[in-house]
Amino acid sequence: KPKVVPPKKPEPKKLSDEEKLAEKNLKLELAKLKPLEPAKDAKEILKVADAVLKQLDLDGLQQYLGTPADETAADKDALKKKWDAQKAALITALRAQAGVRLAQAKADKKTIAAFEAAWEKLIRWNPATDAANAELNLERELLHNRLGNAVKILTAKISKSPATRAHYEKRAEFLGKLGWTEWQAHEKKSLLVRFPSEYPPF
C-alpha cells in the first residue's frame, strides 16, 4: 500500500524591510496619541491622527475585509496581522479625531456638525456600541441633551463594570435631571449598599 505523504505546509511570508519600517513608523505615530488630551492638545492630536491616516492603505483594507480569505495562501497569517493592525490604527485615529471634535463642540455648539461628521466616520469602521466608544457615545447624547439615552448607555456600562462607583453616581445625577426623583433616591441608597466602605457611617 503506497504511503500517503501529507501536503507540505506553505512557508509563512516574511515582511520586507520596507514593510517592517512602515509598521514601526505607524506604531510610533500611534504612541504619540496616548498622552495627549483632546481639550488641551487638539492641534497635535489632529496632526498625528492625520499622519496615521496617511500611512494607511484604506483601499487595500476595504478590499481585504470584503474578500474571503484564501486558507491555503502562504501569507494568510501575515496578511491578517497586517490588515488587523491597519484597521486598529484607523479606528484609533478616527476616535482621536472624534474626541477632539467633541471637546470643541462642548465648548462651542456651532461646531457640533464637525463632531457629528467625525463620529459618523468612526462608526463606519467601529460600531457605536463598542465598549471603547462608550464614553464618546455618552458625551454625544449629553451634547444633544438626550438624557434618557445617556442613562441607557450608563446602564450598559454598569452591566460590564458593576464595581465602578462613578457610573452609578452619574446615573443618579441624570435621573434627577430627568425629574425621576424616586429612581434617583433609589440609586443613591443603592450606593450605600454597593460601596459601604466608601461612605462614612451615620
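Q: What makes F115 and W119 about one helical turn apart?
A: F115 and W119 are 4 residues apart in helix α5 (residues 112–125), so about one helical turn separates them. Helices here are DSSP runs of H or I with at least four residues, numbered from the N terminus. This is a predicted model, in which local features need pLDDT of at least 70 and side-chain atom pairs count only at pLDDT 80 or more, while totals for chains, interfaces and linings use all residues. Residues are numbered from 1 along each chain as its sequence is written, and side-chain values use heavy atoms, leaving out hydrogens and water.

Q: How many aromatic pairs does a search of the whole structure find?
A: It finds 3 aromatic pairs. Rings of Phe, Tyr and Trp (its six-membered ring) pair if their centres lie within 6.5 Å; planes under 30 degrees apart are stacked, over 60 edge-to-face, and the rest tilted.

Q: Why is the pair of F115 and W119 called tilted?
A: The ring centres of F115 and W119 are 6.4 Å apart and the planes stand at 35°, so the pair is tilted.

Q: What kind of aromatic pair do Y168 and F195 form?
A: Y168 and F195 form an edge-to-face pair, with 5.7 Å from centre to centre and 65° between the planes. Y168 lies in helix α8 and F195 in the segment after α9 (181–194), so this pair ties together parts that are 27 residues apart in sequence.

Q: Why does R171 count as buried?
A: Buried means under 20% relative accessible area, exposed over 50% and partly exposed in between, using a 1.4 Å probe and protein chains only. R171 has 14% relative accessibility, so it counts as buried. R171 sits in helix α8 (residues 165–177). Leaving aside residues up to four places away in sequence, R171 touches V151, L154, T155, I158 and E187, where contact means heavy atoms within 4.5 Å.

Q: What makes α4 roughly parallel to α6?
A: The axes of helix α4 (residues 76–107) and helix α6 (residues 134–143) come within 11 Å and cross at roughly 25°. That makes the two helices roughly parallel, since angles under 35 degrees count as roughly parallel, over 145 as roughly antiparallel, 65 to 115 as roughly perpendicular and the rest as oblique. Axes are lines fitted to C-alpha atoms, for helices over the stretch in contact, and angles run from 0 to 180 degrees between N-to-C directions.
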